[in-house]
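Trainee: I have a new model open and I'd like to learn how to read it. Could you take me through it feature by feature?

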Amino acid sequence: MASYRTRLLKYALLQLAGGLVVIFWLMPLYAMLIDGFKTNFEATVTSVFQPPMHFTLSAYMTVWDSMKKPLINSVIVVIPVTVLSGILGEMGAYFFYSLGERHPIVSNTGFSIISLATFIPVESTLLPLLLLEAHSSMLNTYWGVIFANLLFYIPTAALLMSIFLPSVPRYLIEAARIDDASQWTIFWKVVFPLALPGFLSTVIFVFIMSWNNFFLPLVLTTTPSMRMVPVEERFFTGGYGTIYNETYAAAVLASIVPLAVFIALGRYFIRGLAALGGGAKGV
């Protein structure tokens with residue numbers, strides 16, 4: 001009986017902790033959402049958690065007119081960045097994973113050098129990146145922003161996938177080699193399906209990071225028609241004043257896409273983390 005009460009107490013505490021986490025996670029979203037439905041005066045003088053007394057869609061309608069093009073620009077850039085980073089990152093991780101079987105020192109050294117790219121501050125590459133894109137006629141183009149994002153997120157994806165790949169049983173790879181399968185076949189028929197939870201976790205992470213990236217779109221786009229969501233959002237906070245209800249509405253619109261992606265694919269992200277927990281089993 002005492003053991004049952006102990007388990008019940010632990011379960012109740014766990015549910016309470018989970019509920020508190022959910023509440024704290026939803027509070028900013030709730031505040032942004034309801035304050036976007038207020039007039040600017042009401043949003044200025046009332047608490048951010050107080051429901052609107054005069055419900056209006058004017059802020060959202062005004063912001064939508066400004067955010068439509070940046071939302072399209074972000075989708076055009078972020079989707080190829082996410083897909084290419086995920087696939088090329090997993091290919092790179094598998095290359096070093098395979099190389100490590102024959103030349104562990106070369107593999108560890110090479111992958112360590114490449115992994116350093118994930119820790120290089122983006123700001124430190126500003127000058128060479130701008131010169132490269134200017135001389136390649138990629139400045140202020142979709143291709144230029146995509147290329148710059150790939151430079152940083154492919155190493156990130158490779159680093160993350162190198163953590164997930166040990167969950168693939170090594171004996172399956174060896175069996176495919178005995179059957180004279182090529183590396184290309186092994187990757188697509190064996191490694192990729194078995195590492196799919198890790199791949200999905202990686203692309204979700206890359207999607208959210210590239211969607212919220214502010215610095216690269218800021219310096220690589222020079223016209224209003226090429227602005228992306230994080231850059232456009234900052235224009236709702238002016239140097240001489242802030243239109244609060246429109247700022248909240250812009251924040252909501254900027255958050256909808258990554259929030260929807262995470263809600264729709266969140267269970268795969270959790271599965272990837274669960275697979276990571278058993279990663280040593282495949283070694």
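**Rings, cores and helices**

Mentor: Buried means under 20% relative accessible area, exposed means over 50%, and partly exposed is in between, with a 1.4 Å probe and protein chains only. A word on the source: this is a predicted model, where local features need pLDDT of at least 70, side-chain atom pairs count only at pLDDT 80 or more, and totals for chains, interfaces and linings use all residues. Residues are numbered from 1 along each chain as its sequence is written, and side-chain values use heavy atoms, with hydrogens and water left out.

Trainee: How do I read a pair of aromatic rings?

Mentor: You describe it by the distance of the centres and the angle of the planes. Rings of Phe, Tyr and Trp (its six-membered ring) pair if their centres lie within 6.5 Å; planes under 30 degrees apart are stacked, over 60 edge-to-face, and the rest tilted. Here, the centres of Phe187 and Trp188 are 5.1 Å apart and the planes are at 80°, so this pair is edge-to-face. Trp188 is partly exposed, at 29% relative accessibility.

Trainee: Which residues do ring pairs link into a cluster?

Mentor: Tyr94, Trp184, Phe187, Trp188, Phe192 and Phe199. The structure holds ten aromatic pairs. One of them joins Phe95 and Phe96, edge-to-face with 5.2 Å centre to centre and 80° between the planes. Phe96 is buried at 14%, while Phe95 is partly exposed at 48%.

Trainee: What sits over the ring of Phe235?

Mentor: A charge sits over a ring if NZ of Lys or CZ of Arg is within 6 Å of the ring centre and within 35 degrees of the ring normal. The charged end of Arg234 does this at 4.4 Å from the centre of the Phe235 ring. Arg227 also lies over the face of Phe235, at 3.9 Å from the ring centre.

Trainee: And how should I look at a helix?

Mentor: An α-helix has 3.6 residues a turn, so residues three or four places apart point the same way. Helices are DSSP runs (H or I, at least four residues), strands are runs of E (at least two), and both are numbered from the N terminus. The expected span is 1.5 Å times one less than the number of residues. Helix α8 (183–194) has twelve residues and reaches 15 Å from its first C-alpha to its last, close to the 16 Å expected.

Trainee: Which residues of α8 are buried, and what do they pack against?

Mentor: Ile186, Phe187, Val190, Val191 and Phe192 are buried. The buried residues of α8 pack against α3, α7 (170–178) and α9.

Trainee: What about a nonpolar core?

Mentor: That is a set of buried Ala, Val, Leu, Ile, Met, Phe, Trp, Tyr and Cys residues joined through side-chain atoms within 4.5 Å. In the largest one, of 34 residues, Val63, Met67 and Leu216 touch the most other members. Helix α3 gives the most to this core, with eight residues. Another core lies apart from it, with 17 residues, among them Tyr94, Met161, Val168 and Val190.

Trainee: Where is Asp180, and is it buried or exposed?

Mentor: Asp180 is in the loop between α7 and α8, and at 69% relative accessibility it counts as exposed. Its phi is near 65°, a positive value in a residue other than glycine.

Methods: Contact means heavy atoms within 4.5 Å.
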